[in-house]
There are 2 protein chains.
Amino acid sequence: MCPAKTTSGVERGFVIPIGGAEERDSNPVILQRFVDLCGGSAAKIVIIPTASQLEETGPNYETVFLRLGAGSAVSLPINTREQANESEYLSQIEQANGIFMTGGNQLRLSTILGGTPIAQAIRRSNAQGTHVAGTSAGAAIMPEHMIAGGPKGLLPNEQGVTFAPGVGLINKVILDQHFSQRNRLGRLLSATSYNPFFSGLGIDENTAAFIGPDNELEVVGGGCITVIDPSKLSHSSMASASRGEAVTLINMKLHMLAAGARYNIDTRQATPMDKPS
Amino acid sequence: MCPAKTTSGVERGFVIPIGGAEERDSNPVILQRFVDLCGGSAAKIVIIPTASQLEETGPNYETVFLRLGAGSAVSLPINTREQANESEYLSQIEQANGIFMTGGNQLRLSTILGGTPIAQAIRRSNAQGTHVAGTSAGAAIMPEHMIAGGPKGLLPNEQGVTFAPGVGLINKVILDQHFSQRNRLGRLLSATSYNPFFSGLGIDENTAAFIGPDNELEVVGGGCITVIDPSKLSHSSMASASRGEAVTLINMKLHMLAAGARYNIDTRQATPMDKPS
């Protein structure tokens, strides 16, 4: 799915995939920035803990967001497709100006929320200005095409990644999380080479891409975002490789982006924090 | 050191870094190609086992090369700097048409051979047409600047690699071995970003770069060579990064090259096996 259409004159909200394991206590730069973006004391944040199977996940984030100054923070305990139709929850999403999806298992997110009014409400709200953040599984689910699995390692291969449809808040990118920590370059290379339409974003733990309505992202947090831009890919042996065979990919572009650096998803231009004058 | 000068009209020998753990028994494509390149039954191969501290390393390779059809294969047990002056060994190197340096510890190679007549003889012989192959530590030592160590992981950082001077058979490249197996992208990115003059070659196990006298390499073996070309690097925060801080690198080029693919070290052009017509 493509992102829902914005109404004329209304700016889409930020989409904020986080690579997992973001700091919540000592130096919570990512979550603080999210709360501030949502208006600080005017922030009305709704938490969707569906990916997690731990009951405390949602309430814990309520505590964190309130401590960081949010006006309100409410977790919606959506654990079944039936609950993903509850009008009470829908109404809370519609009134929120920030939505946060927790980590856990991204296939829980896609199987429980996919095609429900809650998923539609998240898409519609974002199009109307609500900021949507998600960490780990909550980040994975954001694009049109979600990485559902794949082996560790540096090398791409023919069975290097599995996809599932995501919520479709953003397109033109493939996301991976826990990126350097779980050694996932190979599956991101596999994913982007399957169809070089996408930029691949490998997001480290405690690192986030704040993707603005102009489709430019800024890196926030302590790690890197590894960007694979396959738009100039001049040769790929992916289609002819047999199982386990090494794959040739020629002319991929690679950016390593630390805090403050930017990447424009439309133009595929990367910019350092301190732009040269 | 730069490669020794070739005599007018004489073509330099191949330089063949191997990423370690090359097949010796079931499907020894790399070692077979080396033996064939040296002339098969006319091949006179000298083995330098200095990197290894195992007595059987040299004799084992004698057996392998003879089984693969080499005319002769002799291991020179050079374990001290004194032995690296022996005229008998020098004369054997001068008569060889193939030199093979085994794996082990590359700092043994550089500390024992560095500055000795043996090192000079290897350089001079290569310039005069002798092919020089080396695996693991024996590959590491080949360039002017040798990677001596560095942490595992995907991300470059300010302390991401340590260098030592190598034998200088090739320049304009930095080599790393056991590349995907030991998760070494970060240190190759660190190395190439320190000075973007170099192309970085990350050579997998059971994979070799056959670098011809025209400075074009062909990939042979079962894995990949990961090529980092930093020549278009437009921004690097490496010089200002503090210890452990994430580093921004913008506009690196990345090629994943499987068997048959080529890379020209001078022009930095990568070519697939099946060139498009």
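**Entry 1: a loop residue in chain A**

I started at Ala96(A), which sits in the loop between helix H3 (87-95) and strand E4 (98-101) of chain A. A note to myself before going on: this is a predicted model. Is Ala96(A) buried or exposed? I found 25 C-beta neighbours inside 10 Å, so Ala96(A) counts as buried. Next I listed its contacts, leaving out residues up to four places away in sequence: Ala96(A) touches Lys44(A), Ile45(A), Val46(A), Ser125(A) and Thr130(A). I also checked Val74(A), which is 22 residues from Ala96(A) in sequence, with 9.6 Å between the two C-alpha atoms.

**Entry 2: chain A as a whole**

Chain A has seven helices and 16 strands. Its C-alpha atoms fill a box of roughly 50 × 50 × 40 Å along the principal axes. I wanted to compare the radius of gyration with the globule rule: for 277 residues a compact globule would come out near 19 Å, and the 18 Å of chain A agrees with that. Of the 277 residues, 54% count as buried. I looked at sequence separation too: among contacts in chain A between residues at least 6 apart, 74% join residues at least 24 apart.

**Entry 3: where the chains meet**

How many residues of chain A are in contact with chain B? I get 31 residues of chain A in contact with 31 residues of chain B. On the chain A side, helix H7 (185-194) and strand E14 (249-257) each supply at least two residues. The largest share, nine residues, comes from E14(A). Sorted by class, this side of chain A has 19 nonpolar, eleven polar and one charged residues.

I followed E14(A) across to the other chain. Five bridges join E14(A) to strand E14 (residues 249-257) of chain B, and the two strands run antiparallel. In that pairing, I noted Leu254(A) opposite Met252(B).

**Entry 4: the nine-stranded sheet of chain B**

In chain B I traced an open sheet of nine strands with mixed pairing, in the order E3-E2-E4-E5-E1-E10-E11-E15-E16. Which strands lie at the edges? They are strand E3 (72-75) and strand E16 (270-271) of chain B, each pairing on one side only. Helix H1 (residues 29-37) of chain B packs on this sheet. I found H1 touching strands E1 (15-18), E4, E5 (131-135), E10 (207-211) and E11 (216-221) of chain B, with its direction at about 130 degrees to that of E11(B).

Within the sheet, I picked out strand E2 (residues 44-48) and strand E4 (residues 98-101) of chain B, which pair in the parallel sense over four bridges. Ile47(B) has Phe100(B) in E4(B) as its bridge partner.

**Entry 5: the core**

Which residues touch the most other members of the largest nonpolar core? Of its 176 residues, they are Ile16(A) and Ile16(B). Beyond its neighbours within four places in sequence, I have Ile16(B) in contact with Phe34(B), His131(B), Val132(B), Ala133(B), Ala208(B), Ala209(B), Phe210(B) and Ile211(B).

**Entry 6: a covered strand in chain B**

Last, I looked up strand E9 (residues 199-203) of chain B, where five of five residues are buried. Ser199(B), Leu201(B) and Ile203(B) point one way, Gly200(B) and Gly202(B) the other. I recalled that side chains in a regular strand alternate between the two faces of the sheet. Strand E8 (residues 173-176) of chain B pairs with E9(B) in the parallel sense over four bridges, and there Ile174(B) has Gly200(B) as its bridge partner.

How values were computed. Residues numbered from 1 in each chain as written. Chains lettered and ligands numbered in written order. Predicted model: local features only at pLDDT ≥ 70, side-chain atom pairs only at ≥ 80, totals over all residues. Pairing = 2+ DSSP bridges. Contact = placed C-beta atoms within 7 Å. Axes fitted to C-alpha atoms, helices over the stretch in contact; angles between N-to-C directions. Core = buried A, V, L, I, M, F, W, Y, C linked by C-beta atoms within 7 Å. Buried ≥ 20, exposed ≤ 12 C-beta atoms within 10 Å, placed from the backbone. Rg over C-alpha atoms; globule rule 2.2 N^0.38 Å. Nonpolar A, V, L, I, M, F, W, Y, C, P; charged D, E, K, R; others polar.
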